[in-house]
Amino acid sequence: MEALMSLIVGVLTAGGVYLLLRARTFSVVLGLTLLTYAVNLFLFASGRLTIGAPPILDPELSRYTDPLPQALVLTAIVISFAMTAFVIMLALRARAELGNDHVDGRASAGASKESEA
Amino acid sequence: MNLPLVILIPFVGAVLTGWVSHFGRMKSAWTAGVVTLLALLCLAPSAPAPFAGNTVLWHLDWMPAVGLNLAFRLDGLGLLFAAMILGIGLLVILYARYYLPERDGLGRFYAYLLFFMGSMLGIVLSENVILMLIFWELTSLSSFLLISYSYRKPESRRGARMALTVTGMGGLALLGGLLLLGEMAGSYDLSVILTQGAAVRADPLYTPMLVLILLGAFTKSAQFPFHFWLPHAMAAPTPVSAYLHSATMVKAGIFLLARLFPVLSGTPEWTWLVIGAGLTTLLIGAGVALFKHDLKGLLAYSTVSHLGLITLLFGLSTPLAAVAGVFHILNHATFKASLFMAAGIIDHECGTRDMRRINGLWKFMPYTATLAMVAAASMAGVPLFNGFLSKEMFFAETADFSSGFQYGWLLPSLVVASGVMAVAYSLRFIHDVFFNGEPIDLPRTPHEPPFWMKVPVAVLVAICLLVGILPALTVEPILRMTVASVLQDPPPAFDLAIWHGFGLPVFMSLVALIGGLSVYAARQPLFRLAARMEGWIDARAIYDWLLAELQLFAGWLTRRLDNGSLQRLVLVLLLTVLVFGVLGSVGSGSPLTGTRTILPIDGVSLTMTAGLILVTLVTVALHRRRFTALVVVGALGLLMALIFVKFSAPDLALTQLSVEIVTIVLLLLALYFLPQRGPDESSRARRWRDAVVAGLAGFGAGALTWAILTRPLESISEYFIANSLPGGGGSNVVNVILVDFRGFDTLGEITVLALAGLGIHAMLYGLRMPGLRQDADGRPWNWDTHPTIMAALARLLLPLALLVSVFIFLRGHNEPGGGFIAGLITAVALIMQYLTNGVTWTHRRLSSNMLPLIGAGLLIATLTGLGSLVFGHPFLTSSFTHVHWPIVGDFELATAMLFDLGVYLVVVGATLLILIHLGLMHRATHPGVDGSRSNKEPA
């Protein structure tokens with residue numbers, strides 16, 4: 001099971017990084033979303049994988065998974081939503097101000113083709 | 001208790017003075033004066049203790065774990081400096097009231113001055129060395145403000161920047177040195193450090209530590225090769241120079257040498273470094289001062305020279321030299337402050353400071369002239385003035401020190417040479433300015449200044465005379481007290497008589513006086529020589545060159561890394577991480593796989609993993625078809641939630657699920673304003689390169705996860721699990737951690753959330769963008785109104801959804817749920833109304849201004865935390881109780897729940913704020929689709 005988890009984190013990271021290296025804002029936001037998943041899973045994994053032992057105290061149970069990474073990841077999920085929102089709004093504002101959605105520094109190169117939408 | 005107050009009063013006073021200046025110029029001067037007096041009065045009750053040989057200590061734990069505490073001490077050295085800072089400060093405040101031009105508001109000046117005063121008091125009264133460093137940096141900052149007081153003049157800005165750069169650099173070095181020192185001594189408290197001298201000096205890291213600390217002291221006290229900033233700081237108004245550059249700030253470095261004298265001194269390294277810097281500075285300062293035609297320039301270089309003299313004395317490392325050093329600190333402060341003030345009066349009255357034009361002022365201002373001449377005579381070391389006494393001790397100590405060495409005559413002769421120059425420049429100050437013919441072409445006709453402007457000078461000059469004539473009566477007890485605390489030993493026997501009989505020191509003084517007279521007589525050829533040599537060696541030029549090179553390098557590096565392309569930056573970042581990751585893991589010796597028993601793989605998990613990988617690949621492959629990619633990413637989020645379910649994290653699954661919905665809705669709304677398809681721009685080579693980098697990064701992350709997952713877990717969570725129920729009153733440990741154990745973190749996190757919302761609010765404010773007319777395939781936009789059945793169902797769902805969120809909120813302490821999740825569910829329920837009923841319909845029923853909601857949430861959370869302070873518990877301590885309600889049954893009430901309510905409100909507010917703003921932009925572009933059943937396409 002650990003191997004599957006590592007695989008998932010690896011694939012999500014790779015996908016996120018690839019999208020992060022694209023030239024347009026929207027791809028970068030998608031890449032950030034994938035990377036966020038990867039990072040959250042990684043943080044979560046630092047508590048190791050446990051099945052069927054949620055950290056809800058129960059007198060009949062004695063085995064619980066580590067609650068601390070869960071608390072950290074919970075806030076991380078909410079904060080990363082705020083970050084995604086911030087970045088996408090930045091992308092909108094940038095498009096309004098600059099007239100294009102480039103992040104590769106070639107601001108004017110593709111500006112004329114923007115009207116496709 | 002009065003020690004922290006002494007330091008606090010000027011800081012509070014600074015704010016007060018700035019505020020009071022709205023009511024008039026005089027008011028801020030009076031306030032500043034009263035504040036300083038108050039601080040003096042506050043210090044007074046503790047003053048007798050150092051005289052009795054006691055040290056007053058005051059201690060409050062701040063961060064004991066890192067050795068940083070609010071600890072203050074008052075001993076002889078501290079008392080001498082504190083009295084000097086406050087006493088001369090008071091005189092400067094009085095003086096500045098008359099000096100500064102009428103048009104100036106004074107509030108800013110006095111506020112900066114008090115700010116500086118407080119910082120300086122902090123340095124001399126700190127018991128903890130890290131605390132001292134904080135005040136040390138504050139003096140750098142406040143002196144920057146003071147030097148650049150006339151910020152419209154370029155030389156003021158330049159001088160201030162230079163002083164800040166040099167002393168700031170020194171502060172950084174000092175931090176390193178003090179940290180080393182603290183580690184060596186085993187404590188950051190001076191009381192301990194001062195007893196650990198032998199251990200510190202024997203430490204293998206003694207030399208680097210000494211160099212770092214000396215760098216701090218030398219930059220602050222303008223010692224060679226850092227002396228150049230002080231003359232440039234003369235761009236400050238003269239009261240500032242009189243205060244900072246004679247009595248206080250530049251003495252901070254000397255203070256540090258004196259403070260750490262028993263710990264650091266006595267080694268060859270100390271002797272060579274400190275004597276070397278002191279002697280060079282002494283000679284350079286004395287040599288240059290005579291040739292400065294600017295009155296303040298002369299005083300600045302003479303200050304540099306006298307600072308070198310004191311440093312040299314501490315370098316000698318003998319107890320008697322320490323006595324002479326302390327004595328000269330006091331004497332220099334009195335005569336130099338009065339000389340600066342006199343120079344200010346002359347500048348004020350004549351409109352220039354050029355000594356080639358200011359001549360014969362004796363006729364115009366005899367009183368000021370008398371005062372200035374006494375002070376200058378003291379600076380020259382003429383008998384019956386205080387400068388003579390300490391200078392003679394200085395001559396005696398240097399002669400004594402070098403008597404046993406080969407070439408031992410060298411040091412005393414160089415010292416006498418500096419004495420010759422000191423006499424010469426003091427003579428120039430007197431003769432050029434007050435005699436020497438008639439004034440040449442002065443902008444103003446000089447006359448005596450206002451009475452109160454002369455009072456501060458007179459007070460200081462009176463001290464010069466009193467100490468000079470009656471040293472045993474006036475200054476001896478002060479010296480004994482100070483020296484005892486500098487040496488941490490009883491002071492050595494010394495005799496402060498004016499006349500010791502014929503001996504080497506008297507002879508040296510005599511040579512200096514006669515030599516000075518002859519040098520001054522031969523000044524004209526010397527000036528011509530100096531004019532030709534000008535600019536040969538200029539420390540400022542080197543500084544400028546270094547700074548320019550540094551800026552060029554920074555500019556080059558920035559251009560190389562940042563050409564406006566995010567891709568380039570991200571790539572550099574990723575490659576750096578990869579290189580360091582590989583370097584760190586290669587040859588580390590520990591295997592990738594740990595020893596933990598791993599869980600068996602089941603079929604469902606395998607299928608899910610395959611699905612997740614497939615979805616990720618599809619996202620990447622289809623990323624240019626943005627709408628499709630977004631839908632696929634939504635599926636990815638749901639799979640994430642399933643992973644959390646599988647591995648015992650119900651809270652995370654709920655959060656992920658609700659966040660996912662909000663995120664996708666948000667991205668869909670935003671996509672409406674962005675191009676629907678990404679053009680195919682990257683070349684094939686580029687894509688391969690990116691794929692390789694991505695693959696490597698993915699491999700690294702995967703390997704790291706594997707390495708962690710297969711290693712045994714050592715967690716601090718046992719504590720949380722054990723105390724969740726008895727301490728926090730909840731059985732959902734995750735929630736209890738969020739709202740109780742780590743409540744402070746959560747408070748920080750909802751603040752970040754609120755700030756993100758605020759940032760988005762600011763970013764989208766007034767933003768108008770063109771909307772869509774057709775989709776990517778050319779199909780026209782559908783202008784249908786919201787489907788009636790869906791709208792009706794959504795309205796029905798709203799109360800149910802809200803009920804669910806209340807339920808989730810209430811049970812959060814004991815079962816999966818809580819403020820975060822409940823907030824997200826509420827947000828989703830309300831967003832659904834927007835989506836199905838339109839913006840206009842919803843806005844008629846719900847305010848679009850979410851800022852009060854966010855504010856209320858933050859306020860509730862913070863007040864809950866503060867509430868526990870009222871009951872004498874630490875910030876954010878929670879308490880809980882069980883109540884029995886008639887029908888509902890046993891019910892738990894916890895203050896943590898109130899905190900969670902704050903979290904809930906912030907989450908709802910921030911989430912809605914973000915989405916509503918996007919919605920409003922839609923309304924602006926689609927005025928027809930507003931719920932008003934209009935079917936018309938907009939014009």
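1. At what angle do helix H27 and helix H31 of chain B pack, and how far apart are their axes? This is a predicted model, and in it H27(B), residues 566–585, packs against H31(B), residues 684–709, at an angle of about 45°, with the axes 11 Å apart.

2. From H27(B) come B:Leu571, B:Leu574, B:Leu578 and B:Gly581, and they meet B:Val693, B:Leu696, B:Ala697 and B:Gly700 of H31(B). By class, the contact of H27(B) with H31(B) divides into 6 nonpolar, 2 polar and no charged residues.

3. Next, have a look at H15(B), which turns up in two pairings here. With H16(B), the picture is this: H15 (residues 268–289) and H16 (residues 295–316) of chain B have axes that come within 7 Å and cross at roughly 155°. Since angles over 145 degrees count as roughly antiparallel, H15(B) is roughly antiparallel to H16(B). This crossing of H15(B) and H16(B) is left-handed, and their contact has 16 nonpolar, 9 polar and no charged residues.

4. The other pairing is with H10(B), residues 206–220. H10(B) and H15(B) pack at an angle of about 20°, with their axes 11 Å apart, and are therefore roughly parallel to each other. The crossing of H10(B) and H15(B) is right-handed. H10(B) brings B:Thr207, B:Leu210, B:Leu214 and B:Phe218 to the contact, while H15(B) brings B:Glu269, B:Trp270, B:Leu273, B:Val274 and B:Ala277. Sorted by class, the residues of the contact of H10(B) with H15(B) come out as 7 nonpolar, 1 polar and 1 charged.

5. Most residues other than glycine have a negative phi, and most peptide bonds are trans. B:Phe224 and B:Pro225, however, are joined by a cis peptide bond, with omega about 0°; B:Pro225 sits in the loop between H10 and H11 (229–232) of chain B. B:Ser317, in the loop between H16 and H17 of chain B, has a positive phi, near 70°. B:Ser648 also shows a positive phi, about 60°, although it is not a glycine, and its loop is the one between H29 (626–646) and H30 (650–671) of chain B.

6. Are those two serines buried or partly exposed? B:Ser317 has 18 C-beta neighbours inside 10 Å, so it counts as partly exposed. B:Ser648 has 23 C-beta neighbours inside 10 Å and therefore counts as buried. The cut-off for buried is 20 or more.

7. H33(B), residues 733–741, has 9 of its 9 residues buried, so it is largely enclosed by the rest of the structure; among them are B:Val733, B:Asn735, B:Asp740 and B:Phe741. H21(B), residues 451–469, has 19 residues and reaches 26 Å from its first C-alpha to its last, close to the 27 Å expected at 1.5 Å a residue. Its buried residues include B:Met453, B:Lys454, B:Pro456, B:Leu460 and B:Cys464. The elements covering the buried residues of H21(B) include H4 (76–99), H17 (319–350), H18 (366–380), H19 (386–402) and H22 (471–474) of chain B.

8. On to the contact between the chains: 82 residues of chain A and 100 residues of chain B take part. On the chain A side, H1 (2–20), H2 (25–45) and H3 (67–98) each supply at least two residues. H3(A) gives the most, with 24 residues. The side of chain A that touches chain B has 55 nonpolar, 15 polar and 12 charged residues.

9. Finally, one residue in chain A. A:Thr25 lies in H2 of chain A and counts as buried because it has 24 C-beta neighbours inside 10 Å. Setting aside neighbours within four places in sequence, A:Thr25 is in contact with A:Ala91, A:Ala94, A:Asp101 and A:Val103. A:Thr25 and A:Asn100 are 75 residues apart in sequence, yet 9.4 Å apart in space, C-alpha to C-alpha.

How values were computed: Residues are numbered from 1 along each chain as its sequence is written. Chains are lettered from A and ligands numbered from 1 in the order in which they are written. This is a predicted model: local features need pLDDT of at least 70, side-chain atom pairs count only at pLDDT 80 or more; totals for chains, interfaces and linings use all residues. Two residues are in contact if their C-beta atoms, placed from the backbone, lie within 7 Å. Helices (H or I, at least four residues) and strands (E, at least two) are DSSP runs, numbered from the N terminus. Ala, Val, Leu, Ile, Met, Phe, Trp, Tyr, Cys and Pro count as nonpolar, Asp, Glu, Lys and Arg as charged, and the others, Gly among them, as polar. The expected span of a helix is 1.5 Å times one less than its number of residues. A residue is buried if 20 or more other C-beta atoms lie within 10 Å of its own, exposed if 12 or fewer, and partly exposed in between; C-beta atoms are placed from the backbone. Axes are lines fitted to C-alpha atoms, for helices over the stretch in contact, and angles run from 0 to 180 degrees between N-to-C directions. Angles under 35 degrees count as roughly parallel, over 145 as roughly antiparallel, 65 to 115 as roughly perpendicular and the rest as oblique. A crossing is left-handed if the near helix is turned anticlockwise from the far one by less than a right angle, and right-handed if clockwise.
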